[in-house]
Amino acid sequence: MPNHIAPLTAADPSSAFLRLLTVLDTLRTDCPWDKKQTMESLRHLTIEETYELSDAILEGDLEEVKKELGDVMMHLVFYARIASETNDFSIVDVLNGVCDKLINRHPHIYGDVEVQDENDVKRNWEQIKLKEGNKSVLAGVPAGLPSLVKASRIQEKARGVGFDWDDKTQVWEKVEEELQEFKNEFNTVDHTAIDVEKAEGEFGDLLFSLINYARFININPENALEKTNKKFIKRFQYLEAKAKENGKALQDMTLAEMDVYWNEAKKV
């Protein structure tokens with residue numbers, strides 16, 4: 001196998017992007033692993049890289065964000081390289097395509113349309129997408145999105161065409177209504193059997209309304225829940241570590257004993 005001279009570190013965006021293209025071309029030609037990859041084989045790796053980027057963003061680790069952005073960008077270039085081998089499209093087509101789309105969907109910047117705020121921009125965006133051939137405003141919501149993210153995107157899309165509540169007080173009333181409907185499906189005092197299917201439906205409605213309220217007060221529900229997940233993990237692992245330090249096993253401890261360490265963890 002020939003030894004290639006790696007292109008030098010670039011000092012400007014155009015040269016840096018060309019460097020990435022050159023490296024990917026070389027790897028695709030000469031590296032046994034890179035040669036074998038297909039869009040399908042890369043797909044799960046790309047999803048993993050995207051989640052790693054998301055984690056870095058939530059952690060506020062900008063050095064890690066920079067690294068993960070590079071990994072994601074490498075994947076995007078890799079897909080374009082694979083497609084170019086069958087003459088389906090190239091990286092040039094990809095970049096020109098997204099530039100054309102952005103220009104077309106921002107007529108308030110590249111045309112004579114006037115907007116008052118970001119809501120006008122979003123409405124224009126959705127209307128332009130419909131003119132481009134989308135049969136439904138919701139067509140742009142990927143079916144494979146996690147349910148929490150999907151609910152947010154569905155609500156944002158509907159809002160883009162004016163299907164939305166007027167103010168947050170109405171949304172909160174809906175939350176309380178859905179909470180009561182969920183509670184009506186079972187008795188919280190006794191152990192009466194419940195209709196799980198109905199309760200599940202009402203619980204889904206409750207979550208959807210809470211996500212809607214979060215949107216009205218500019219809280220990203222996915223970020224909020226993930227931060228809570230991370231907080232719980234940190235506190236639980238503190239509890240585990242403290243129990244181990246004291247020669248105790250969690251399964252042998254009472255909840256009251258565990259709560260002592262849990263409350264300590266809250267102060268750390």
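Predicted model: local features only at pLDDT ≥ 70, side-chain atom pairs only at ≥ 80, totals over all residues.

Residues are numbered from 1 along each chain as its sequence is written, and side-chain values use heavy atoms, with hydrogens and water left out.

In soluble globular proteins, nonpolar side chains tend to be buried together. Here the largest nonpolar core has nine residues: Leu21, Leu24, Leu42, Val77, Phe78, Tyr79, Ala80, Ile82 and Ile91. Helix H1 (13-30) and helix H4 (62-85) each supply at least two residues of this core, and the largest share, five residues, comes from H4. A nonpolar core is a set of buried Ala, Val, Leu, Ile, Met, Phe, Trp, Tyr and Cys residues joined through side-chain atoms within 4.5 Å; buried means under 20% relative accessible area, exposed over 50%, and partly exposed in between (1.4 Å probe, protein chains only). Helices are DSSP runs (H or I, at least four residues), numbered from the N terminus.

Leu21, in helix H1, touches Val77 and Ile91, not counting residues up to four places away in sequence; contact means heavy atoms within 4.5 Å. The C-alpha atoms of Leu21 and Ile91 are separated by 9.0 Å, although the two residues are 70 apart along the chain. With the same exclusion of residues up to four places away, Val77 touches Phe17, Leu20, Leu21 and Leu24.

Leu95, in helix H5 (residues 91-104), is partly exposed at 38% relative accessibility. Together with Met39, Phe89 and Val94, Leu95 forms a nonpolar patch on the surface.

Glu49 lies in helix H3 (residues 39-59).

Lys67 instead meets Glu64 in a salt bridge (3.2 Å, N to O). Because these two are three residues apart in helix H4, they are separated by about one helical turn. The structure holds 18 salt bridges. Another, between Asp55 and Lys230, has its closest N and O atoms 3.8 Å apart; this pair links distant parts of the chain, with Asp55 in helix H3 and Lys230 in helix H11 (residues 221-245), 175 residues apart.

How values were computed: Patch = residues over 30% accessible without salt bridge, like charges linked within 9 Å, V, L, I, M, F, W, Y side chains within 5 Å. Areas by Shrake-Rupley, 256 points an atom, 1.4 Å probe, with all protein chains shown as cover. Salt bridge = Lys/Arg side-chain N within 4 Å of Asp/Glu carboxyl O.
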